[in-house]
Amino acid sequence: MNNFFTSSFLVGFFASTIRMATPLILATLGEAFSERSGILNLGIEGIMIFGALAGFVTTYFTHSLWLGVFAATLSGLLFGLLMAFLTVTLGLNQHVSGLGITIFASGLAYYVYRAIIGSPTIPPTITAFDTLKIPGLWKIPFLGPILFNQYALTYIAVILVIVSGYIFFKTSFGLSLRSVGENPEAADAVGVDVYKMRYIALMVGGSLMGMSGAFFTLAQFNMFIFDIVAGRGWVAIALVIFANWIPSRIFWGALLFGGVDALGLRLQGTAINIPFQYFLMMPYILTIVVLIFTARNASYPSALLKPYRRE
Amino acid sequence: MNLISFKLEKRTPPPWWFRILMPILAVIISLAISSIFLLILRKNPFTAFYYLFYGGLGTKFAFLEMLVKATPLILTGIAVSIAFLAKYWNIGAEGQLYAGALLATWVGIQNFNLPPVFYVLLVIVAGFVGGGVWSFIPAYLKAKFKVDDVVTTLLMNYIMIYFVSAILEGPWRHPVSQYPESVNIAENAQLMQLIPRSRVHIGFLIAVAVVFVAYFIVKKTKLGFEIRATGSNPKAANFLGINTLKTIIIASVLSGGIAGLAGVSEVAGVHYHLIHNLSPGYGYSGIVIAMLGGLNPFGVLFAAIYFSVIITGAQMMSRSVGIPPYIADVIQGITLIVMLAMLLLFEYKISIRRGK
């Protein structure tokens, strides 16, 4: 345990905390967009799995990581569109529609992978993203390697936190978005197009979920493995409640969960004699514990789960 | 935006034949949509579906294998439908299945010197208790702390699956086998074969019995009425003096217990020991089956058999036509969505208008 709190350990730990938080930040922001408009998107897990696949396959054939990110984001947008058609236009039950999308999208991802790649003994790989050292800044002692030696997607995620916060609370679009999630009748009465807002929110949300999935295949791993997302989508569903649908809190919440993941990874490598599955379990247990303390005070968008139908 | 909009009018309750026709239509439509994914691979959907159904029903072996897979699917389908009837979103049948399997295995590997009838009964009760307890936790958290049931039931799947995996690589590790699996449960704790020289075991009869019991509970008892009332209108149910929180907890324990029986069926009927990939997602399939079956126990029975055909047949189709077997999951997802849309048709009369 002596070498535990050395500077190099801490740098590694904090840097990997931020890395592990990245897909959670993106996915949870995506869910926040959806839920702020009044739609619970339980398709998130499937959309992330498909995003991971779309990113991998595209990069595998084009050797372009950014085309991979684009394809993943686009696939997320399309699933968001499908979710919007089901829940906004048809007004179907959001719980079951979302689960349907998760089952469909994850099944389709595995189907496409097998159809294109087959089942070779050694799974094919791509050259994944390298970290992007911000010139000058990354040499700052201690903080530099933690904050300024991250993947490009991580910087993008942080920027999107700020942008989303700005959109939600400082723009008229954000006001409309929140109003259709709180009181669609009133929003409609003042001329906000409820259907259009919800379509946009679900497409933006889906895009972020798809991009989040791409992080797994294009940055964290360099291949597509089954169950690659491992329930991170469901963690995002919990995280958005914990963060009260506020982007800055999503950021801090994701760091908390990223920290648990990173700690688990590090403890696995030490002499502590605990089966690794217990570390893998930690984020899920922590999520439930955190919800016990925060759920009662969560201020859900009032119109969440309620289909809006114009009379 | 010039979106198409729909005008919905509540229908008068449709005739009984429409209720039966609806899932059949949903199946046909979803197979038609799924064929797009076959056509993309330049496979003939008719050939593919021929092998799909042939592989699930066409031979005696296929038919019996289909019954083996139908057993856990009937149970998870019933489990999910009981929770959904109370509008309790139990998406944790997968974890509850494992929890049931865990406790059933624990009882089974004790080698109690009991006559088979009693030992099997004990294993079944253990499986029900395991699943029930695991399902009680999220329901209690919902009642006590308002923790969202969707989130907790989902997350608890992962916790239980990791726990089973840890146990299998730790204290329960088979001393000789190189796979993470437990030792076999006692012979007198195993579910008896139902049809000689096949894997069909009495678990199938138990699952069918559960269908009848569930039907009786849901339609004929006070508890069933309370569950349905809580699900359709909680405020009115409260007004009638129904303790909706208590009803939700009972429904969730019942639901989890039945999902636990699916774990018993796999451990005591098929594998005779606990393995870490005991279920290829029976718990999630249960959601699709519950919806396709219209949350009605007999509907669930037919829906489970249909998906068992699809899941069993997907292997044969995969080998014969060269299509990834994951098409079975694609069909499940599409069926769930289509069925949901059909339910809309069932409840409302729709007229389509252009523009706002």
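**Chains A and B: how they meet**

The contact (heavy atoms within 4.5 Å) draws on 50 residues from chain A and 50 residues from chain B. Keep in mind that this is a predicted model: local features need pLDDT of at least 70 and side-chain atom pairs pLDDT 80 or more, while totals for chains, interfaces and linings use all residues. Residues are numbered from 1 along each chain as its sequence is written, chains are lettered from A in the order written, and side-chain values use heavy atoms, without hydrogens or water.

**The interface**
- About 4600 Å² is buried between chain A and chain B, with 79% of that from carbon and sulfur atoms; buried area is the accessible area (1.4 Å probe) lost on putting two parts together, summed over both.
- Between the two chains there are zero salt bridges, a salt bridge being a side-chain nitrogen of Lys or Arg within 4 Å of a carboxyl oxygen of Asp or Glu.
- On the chain A side, α4(A) gives the most, with 14 residues; helices here are DSSP runs (H or I, at least four residues), numbered from the N terminus.
- By class, that side of chain A has 34 nonpolar, nine polar and seven charged residues, with Ala, Val, Leu, Ile, Met, Phe, Trp, Tyr, Cys and Pro as nonpolar, Asp, Glu, Lys and Arg as charged, and the others, Gly among them, as polar.

**Helix packing in chain A**
- α3(A) and α9(A) have axes (lines fitted to C-alpha atoms over the stretch in contact, angles running from 0 to 180 degrees between N-to-C directions) that come within 6 Å and cross at roughly 145°.
- Their contact has 16 nonpolar, nine polar and one charged residues.

**Salt bridges**
- Over all chains, the whole structure holds four salt bridges.
- In one, Glu65(B) pairs with Arg199(B), the closest N and O atoms being 2.7 Å apart.
- Glu65(B) sits in helix α3 of chain B and Arg199(B) in the loop between α6 and α7 of chain B, so the pair ties together parts 134 residues apart in sequence.

Note on methods. Helices (H or I, at least four residues) and strands (E, at least two) are DSSP runs, numbered from the N terminus.
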